[in-house]
Amino acid sequence: MRTANSWNHDVSISGGTEKTKIYAAFNYTDDEGIRINSGYKRMGANFKIDQKINKKLSVDFDLRYAKTALIGNHFDNATSAYRYAPIDADIIELYGTNDPNLLGMGSQNVEESYNPYTATKQYDYNKDVYRVRARGGLSWDVIKGMKLRSELSLGRNWTEAQTWDGGQVSGINSAKLEKSNGYNVRWVNTLNYEVQGLSKDHSVSVLLGQEILSSKSNSSSYYGQGYPEEFTKKIAFGQLTMNDVTNAAYNNTIGTPVHSSSVFARANYSYKGRYMLTGTFRYDGSSKFAPNEHWASFPAVAAAWRISDESWMEETSDWLDNLKLRLSYGTSGADNISASLWKGTWTTKSITVDGNTVITYVPGSMKPNPDLKWETTTSRNLGIDFAFLNSRVRGSVDFYYNSTDDILMQVPCDASTGYEYQYDNVGETSNKGIELSLAYDIVRSDDFNLSVNMNYNFNRNNVEKVLEGARCDTHNGWASSMLQPYYDYIIREGEPVGTIQGYKSHGYFTLDDFDYDAATGKYTLHEDQKKYATAGNYPAALLGMNADYDGKSVVPFPGAPKFEDDDKDGEADEKILGHARAEHTGGFNISGNYKAIDFSIGFTYQIGGKVYNANAMNSFKGDKDTNAGANRLYYAGKAFRYHTVDANGDLVFDTTPDALRAINKGTKYSTMMSEYGVVSSEFIEDASYLRLNTMTVGYTLPRNWTKKVGVTNARVYVTGNNLFCLTGYSGLDPDVTTSSATGGFPTPGYDFNSYPKSRSFTVGANITF
Amino acid sequence: MKKLLYTTLGVVGAVTFAACDDFLETNSPSVVDADFVFSNTTTARAALEGGYEAWRSTANSYVFGAGLFYAADIAGSDIERHPEAYANQKARHIPESFYSNGTLTSTYDIDSYSSNDNSGAYVKLFDVIGKANAVIQGIEESASGKEAIAAGTQSKIGQMYGEAIALRATAYRELIKYYGDVPFATVFGEATGGLAPRDSIYDCILADLIKVEPMMYPVGKIPGVAATAKNYFSQTYVDGLIGRIALEAAGYQTRRSDITYRDGKGNEVQFEKLGQANANADNAFYARRSDYKDLYEMAKTYFKNAIDHAGSAKFYTVDPRATSKAGQVFGNPFQYFFQQMMEDDAAYADESIYEYPMQYNVSSDERTYSSGRPGKGGTKDAYPCKCYGQARINPAYYYGIFDPNDMRRDVTVAVTGTTEGTEVILPFTPGSQSNGGGLGLNKWDDNRMTKPNTIAQRKSGINGPYMRMAEIYLGYAEACAVTGDDATAKEYLKKIRERSFPAGLAKTDQFITDCGSLFNAIIEERGFEYAGEGDRRFTLIRTGRIAWAIKRIKDLTTAMMDGLQADGYYQFDNDNIISNTIYTKAVDAKSEKGYRLTTQCTDTTDPITYPGWRGVNDDWSLFGWTGTTTTTNLAIQGLFAPVADATALTNDGYKAVAWGSDLLTNRTEYETNLFPEYDYVSAPVYLWPICPNAVATGGFHNGYGFKDE
């Protein structure tokens, strides 16, 4: 990690005549990553011309170009960099040998080749993306009130990515060149007609439109490994085929075009600007579905009533500026899936057998589903807008109830088909809630202004229905297959998305939970403690502390984590431990200015919700000897211990009560020697927080100074982002979602080796000539 | 003006509606369907290659490597055991030891070992079946395929069809072996809805194989395939597979009480039961089909065909190797097979009929890592790299059952492992690598490889040995014995046995007498031939010999422990004596013998070369080792008889090393936890539960008392 600098420059010019308007802009961004060997650069330019041809016709053109350069690195070592323990010197001292094998599989935690810094330096990835887009529009005032507009947008993009692995970590160097190019086309035609000749109280407008989208991307790649040791990245990409050949692979893919086509209509009616009615209708077609499911229609209606304009409200007009009631009901569709999920596809893959490249054809592991259809969201909304005291106080309240049907999700399918999973319209969810926003201008004056904005959202999500037989539970990757219980995020009717499953913790089994038999050195669990059980698996020496240990099953012992076992079957019960998403969220913002100095402060908050602190749980996972020698998070320092250092300086394992009491005076958590990763409610933590998100102070230079150098406006400012966060969460940041290992399932609040949020400061200047 | 407007609207409308059906039907020449793939033989062949690759990766990673075979077969019989403490690896130790006589099936966490995220053996094997089904359908529906199938004689397409049929049969054979009754899918993409009785599946896949056998070519003679390659299913393989599956279909298996068993014709299967139903495991019963002899007849026919159509598969009775330049003498045709597997990556062993190919330094490889001589190296850049050593050998079997004259013993069992270029004793303390775990499997050893992978562990490039001539001979002998042809049975038993004994010491007739029957002798012989390779467990189950064998090894273990406890040593019937202490000394074998890697040893008094087939690579420095130790080898005294004069040995630089005493310290592990609670009469639950995802989507329930979730 490092403190990184970033630069951002924008220059724009605009001008023209009455008939012609031009605009040109140029920007450049150079953003260093806070992780070494990473970053982002962007250069863009934009030219626009609007031209009136005659009274009825006008055209406009917009041309954009952008080049983005991304520099990335090897994230897997970097995200868990803290685990690396360069302690070879200590091992020599401790054991009189430099044999890292003493740590068994944990040797990787001390080997130089696992040094995340070395690994990151070894690995080099850069990707350049070029985009060009041209848009042209033609507007025609056909007759009075009728406007026809046709707009065509054409874009192309190219990418080139180079991945270089120096080979120190993987054992062999490799280069991968990936290129792709694509296009996108959008053509929209609209006809808008304001009905003429009506009395001034009535206003009717009708819109008819049609839209076509088309895009496609082709890609090719070349991979080679085993370049001569002397080769650098630069040489390797110049001499790409100079490798060991046997493992080289070339691949070319012509993309499947994604097409969509829509027709839509909208009608607005307004009476005296007091009563408003809107009806819309969309008929959307998508190439992502099978032919008989291409099309779906999505109607919607909305009405509004400006109550404050009613005559019987007149007496309130001295303090009430606006009161409006809104009501809407509508549907919309989503096709956020890849193309070709509905049909069976075979692809080529090259493999190496006995040093020879063999080309294979394989069907996908996804079962095609020709019955896939549009995911439909129905929204219902009731809202009130209000403003009073000369609009010093204004805001809105919205009540909504949205439900989404036929959610498109990946679900496992019957293995005997030969497929592993398929996409299906699996269920229905709903969101019910309130949105509240309020603004208050506390002070309005020439020199000093101060205003407060706040918003508050309450949202309750619920899974209304799950397709029978569809298993939508998720298994997160932090403990790979050694996770107990196996499913940690579950989808159940009646529970929201982001329901976390695990064991309900009651701390750990203490010495007081057992009777100790000094003769045998064994512990026997008290009868009243049998409503608790432990989970995971432990070294026989620990399990063997329990007098009832049969050499096979997992039994409680002093220091073992303690979980509820209501049915007293000796196994911890799987329970719902909480819901990740907070129901209460919002923010507030204070802004204002004093003369030429302006400032703003923005806070965000959430109340409730849970964070799944996998980082902490992972610190209690011994994972056999894979974690030997690894640094662990501070939780492990408070874990139950069994070893003490004797007078000779040797580590001694002692399980007698007196010794354990002495060793564990400051102990807060159970032992960290579980072979499995265990999902414990102890680390399903409250996600509430209050964050100072941004703070800006700006100063506008006096005009009479700047005028002399031809500058009409000049402002300098300082902005700080993510300045502090008040939270009870023991991890880094409660506002986190690490993407899940298993595709497609939402796992909100999952925190495992996530890229940390950075605190940033910006110093900038806006100058207008 | 209006005209222009209407024209414009007309054009817009036309674009939107008239063209939209075509417009929304998009495709790419890079994304093709089955019709395209099976439209010509080159792409159809590539589809078959895709099936092979699925099988190869499934076999390596989900069945054999870190899979079901890895967990139970190479660790759970009277010969094989696991390296770690029982409680350390319960997810695999419980199934390995028959779920404590079935008492743990109801509480066994069914996704604790076979994980549930579509990466278990069950799902992956069906993935192979799906790919095979697609190829089979594609060929059956093509004109050229129809012609070749109707002709029923050798042809290129017939060969390809036969390979696909063999691929499907191979995957079903593994599925039935581990899960018992499974769904039977023959159409790619179609769900079958429920379980099919295993007998009906066996009958169907056997009929398929018999149909395609004449359309195929013997190994080494497949048109378009290199004569040296053995990574394709040949006629020889199909003959062997028919024999193999017929023996298993004829054998005893543990069956569910909630299924009506029917054969391939739909008739209810009549059973001969053995022992008693297992009340702990939903009354599962242990039985074989009463028409088992018909299947034995089938096995006999096709094993004989395999011998007659052996193609490039050889069987050596004499070791073809000359004495090495350094002076190593080989003289062990049995070991030659394993040595050939450890040579050039692209080479196949002469005795092999089929090996699934593994690529050096590419994907995870179980030989030498889990099936091989244990070694304590780093994960990379080590000499050799780490060998965990999952396949271990029961000490009582090594000492008490293996004939001391049997040349297979030292090839099979490792007393020593290696670490950083030096030889170390393998202690009996539970553990892994060469830190513990006891006697290891010696058949594959990085030290013996032509090009050991010192870059990374578990990437040796050694292929998976899936079928070789020894199995054909032993299977043929077994089928002959059951069907009354004792003379031929004995002839083939002798071929296997006598090449591994010095002349005159095989004493086959005495061996048959000692075993109680010719049939028993053949099964025992198979144990010696395949020890440590994971064949034993299912062979004992299908032959009904499991209870006898487990009881024998447990009793022998108890006697050995009692002897060690009382006297500090124990003498077995073959005169081998295990002692609490042995003596070892690091020596420079290079200066004493001229080499560091030892071979067949005939001088039982030489502490450096006896037991044979150990030591370290002759010159690790050729692979980058920078160590300077010259005393790389271990001289061992007292391994098979107590030392006469310990003081003299100590004066000579030998050190006392705990040996049998470590067994005593870990008596629970070696004795009590060896198939704990098994009562020798209840149906043995050797099967695995099917993972929750597959149960839920497959619409059936797990049997044998397992949970569904």
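Here are some questions and answers about a predicted model with chains A and B.

Reader: Let's start where the chains meet. How many residues of chain B are in contact with chain A, and how many of chain A with chain B?
Author: Contact here means heavy atoms within 4.5 Å. On that count, the chain A side has 85 residues and the chain B side has 90.

Reader: And which residues of chain B lose the most area to chain A?
Author: About 7,000 Å² is buried between the two chains, with carbon and sulfur atoms giving 59% of that. On the chain B side, three residues together account for 10% of what that side buries. They are B:Phe23, B:Leu24 and B:Thr26.

Reader: Moving into chain B, are α8(B) and α9(B) roughly parallel or roughly perpendicular?
Author: Helix α8(B) covers residues 121-141 and helix α9(B) covers 143-151, and their axes lie 5 Å apart. They pack at about 90 degrees. Angles from 65 to 115 degrees count as roughly perpendicular, so the answer for α8(B) and α9(B) is roughly perpendicular.

Reader: Which residues of α9(B) make that contact with α8(B)?
Author: From α8(B) come B:Ile139, B:Glu140 and B:Glu141. By class, the whole contact has three nonpolar, one polar and three charged residues. The α9(B) side is made up of B:Ala143, B:Gly145, B:Lys146 and B:Ile149.

Reader: Now α13(B) and α18(B): what is the word for the way they're set against each other?
Author: Helix α13(B) (292-308) and helix α18(B) (469-482) have axes that come within 8 Å and cross at roughly 140 degrees. An angle has to be over 145 to count as roughly antiparallel, and 65 to 115 is roughly perpendicular. That leaves α13(B) oblique to α18(B).

Reader: How many nonpolar residues sit in that contact of α13(B) with α18(B)?
Author: On the α13(B) side you'll find, among them, B:Tyr292, B:Phe303 and B:Ile307, and they meet a set in α18(B) including B:Met469, B:Tyr476 and B:Val482. The contact also has one polar and five charged residues. The nonpolar residues number 13.

Reader: Over to chain A. Which residue in the turn between β5(A) and β6(A) has a positive phi?
Author: Strands β5(A) (123-143) and β6(A) (146-165) run antiparallel and pair over 20 bridges. They form a hairpin with two residues between them. One residue in that turn has a phi of about 85 degrees: A:Gly145.

Reader: And which residue in β7(A) stands opposite A:Ser153?
Author: Strand β6(A) also pairs with β7(A) (174-194), antiparallel and over 20 bridges. For A:Ser153, the residue standing opposite in β7(A) is A:Arg186.

Key
Residues numbered from 1 in each chain as written. Chains lettered and ligands numbered in written order. Predicted model: local features only at pLDDT ≥ 70, side-chain atom pairs only at ≥ 80, totals over all residues. Heavy atoms only, no water. Axes fitted to C-alpha atoms, helices over the stretch in contact; angles between N-to-C directions. Helix = DSSP H or I, 4+ residues; strand = E, 2+ residues; numbered from the N terminus. Parallel < 35°, antiparallel > 145°, perpendicular 65-115°, else oblique. Nonpolar A, V, L, I, M, F, W, Y, C, P; charged D, E, K, R; others polar. Buried area = accessible area lost by both parts, 1.4 Å probe. Pairing = 2+ DSSP bridges.
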